[in-house]
Amino acid sequence: MDIFRTKSVEQSIRDTEAPEHQLRKRLNAVDLTVFGIGVIVGTGIFVLTGQVAKEMAGPAVAISFVVAAVVCGLAALCYAEFASTIPVAGSAYTFAFATLGEFPAWIIGWDLLLEMALAAAVVAVGWSGYFASLMSSIGIQLPASIAGDEPVVNLPAMIIVLILTGVLIAGIKLSSRVNLAIVVIKVAVILLVIVAGLFFVKAANYTPFIPAPEATPTVEGVQAPLIQVLFGITPVAFGVLGVFSAAAIVFFAFIGFDIVATAAEETIEPQRDVPRGIIGSLAICTILYVAVSLVVVGMQHYTELSSSAPLADAFTAVGQSWAATLISIGAIAGLTTVVMILMLGQTRVLFAMCRDGLLPRPLAKVSPRTGTPALLTAIVGAVAAVLAGFISLGALAELVNIGTLFAFVVVSAGVIILRRTRPELERAFRAPGVPVLPILAVLACLYLMLNLPVETWLRFVIWMVIGAVLYFLYGRRHSRARQGL
């Protein structure tokens, strides 16, 4: 069937050489690692830590972070092999096109829209909350209608998205420099939290480390984890099941290392540097996450943690308001880079899809002045700004998670397929233990997906159906592969 035609690795690389669709190579391993840290360290460490500890895992949230990191690590090795073999923009979309075919690639590209566009909007909303809190701490109260818990329009979130859109349009090297400066600030703040927080840790707050399982409103009805519903288990939070359900949620905190792969086409030596950037950023962020989660649940009992600003509020609770203000500044810095790099990843995936004709090809034109897909970046920024202005944080993080996990499943399976179909390809980085490691990655991702709520699955299925309809209405008819171009 022609919808399962694949695109050869050689053709993917040739497409990057067309002058009007050629991205500039300006990045190195350090840039990519900092990009990874910039996008990974954000909402998870500043927001989800308290929420998940309070509602699902208790002090064992540190174990949830480790579980999520292991799953990401398995997938990261698969991404690293693909990125070193096919150093082309598009990440999982491009990898799927080379192994599974055009329609599966479209589905993954559509899935990545869900991951990155929604994630950028979600994080911008979180940024707005910290910004309003910081303004309040210096005596400036922003009107609730533009920056409250339920604003009419979230103006700060829209403004930061539009500013970062301008930075991205200006060029990839400027984006990497802005990212580096902000990452230094937020990592310094996180290290301060770890060191200063140790002085206020109370051993009693770690007991019980894994609270007894209990039925709570957070796991009722369609909010129950799918795996518990499938096996007829009374939905519960806490306990061992709660730890794994929490891992499926804090997985959101690790989203981003895969975006490093979308920048492969703009990397000077992608075969060497992209694997280093992916694995290095994930390792550094895992250490930071586990350390922070252990400190914050040690400072304040998990039942008393704040769901919106747990780190800042934990220091306020022990009388250290100066640290709370500094943490808010770090959170603002952290979330700024997350929004920027998510939009960067989004534009590069769309760029690859447009270049293949599955979306309007003129959008893939690169600006000769900045070397970026300027028009496409502006469109992504405008959409993200509208979403950020009018959505709530709510269940969107879970929807982003299921989209990302699905992409990880496809990429991990794709490594096995490409090893079988194209064993002669040069692979600068080879994932160890193939096929066992990719199979473990697939199973681990599927398990985490099953721990997400039923309502998240329903929304995901609806999104995929919409994507399939669009493919047959537009993508299939305009595909360059189908036209033999």
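Modeller: Leaving out neighbours within four places in sequence, lysine 7 is in contact with Ser12, Asp15, Phe97, Ala98 and Asp356 (contact means heavy atoms within 4.5 Å). A word on ground rules: this is a predicted model, where local features need pLDDT of at least 70 and side-chain atom pairs count only at pLDDT 80 or more, while totals for chains, interfaces and linings use all residues. Residues are numbered from 1 along each chain as its sequence is written, and side-chain values use heavy atoms, with hydrogens and water left out.

Back to the lysine. Lysine 7 lies in the segment before helix 1 (9–15); helices here are DSSP runs of H or I with at least four residues, numbered from the N terminus. With a relative accessible area of 12%, lysine 7 is buried (buried is under 20%, exposed over 50%, partly exposed in between, using a 1.4 Å probe and protein chains only). Its side chain makes a polar contact with the side chain of aspartate 15 at 2.6 Å, and another with the side chain of aspartate 356 at 2.4 Å. By polar contact I mean a pair of N or O atoms within 3.5 Å; within protein, one must be able to donate a hydrogen and the other to accept it, and residues adjacent in sequence count only if both atoms are side-chain atoms.

Helix 5 covers residues 92–99 and is mostly covered, with eight of its eight residues buried. Just after helix 5, glycine 101 takes a positive phi of about 120°.

Now for the rings. The structure holds 18 aromatic pairs, counted when ring centres of Phe, Tyr or Trp (its six-membered ring) lie within 6.5 Å; planes under 30 degrees apart are stacked, over 60 edge-to-face, and the rest tilted. One of these pairs is phenylalanine 82 with phenylalanine 95, stacked at 4.6 Å centre to centre with 5° between the planes. That pair links distant parts of the chain, since phenylalanine 82 is in helix 4 (residues 61–85) and phenylalanine 95 in helix 5, 13 residues apart. Phenylalanine 82 counts as buried at 2% relative accessibility, and phenylalanine 95 does too, at 1%.

Note on methods:
Helix = DSSP H or I, 4+ residues; strand = E, 2+ residues; numbered from the N terminus.
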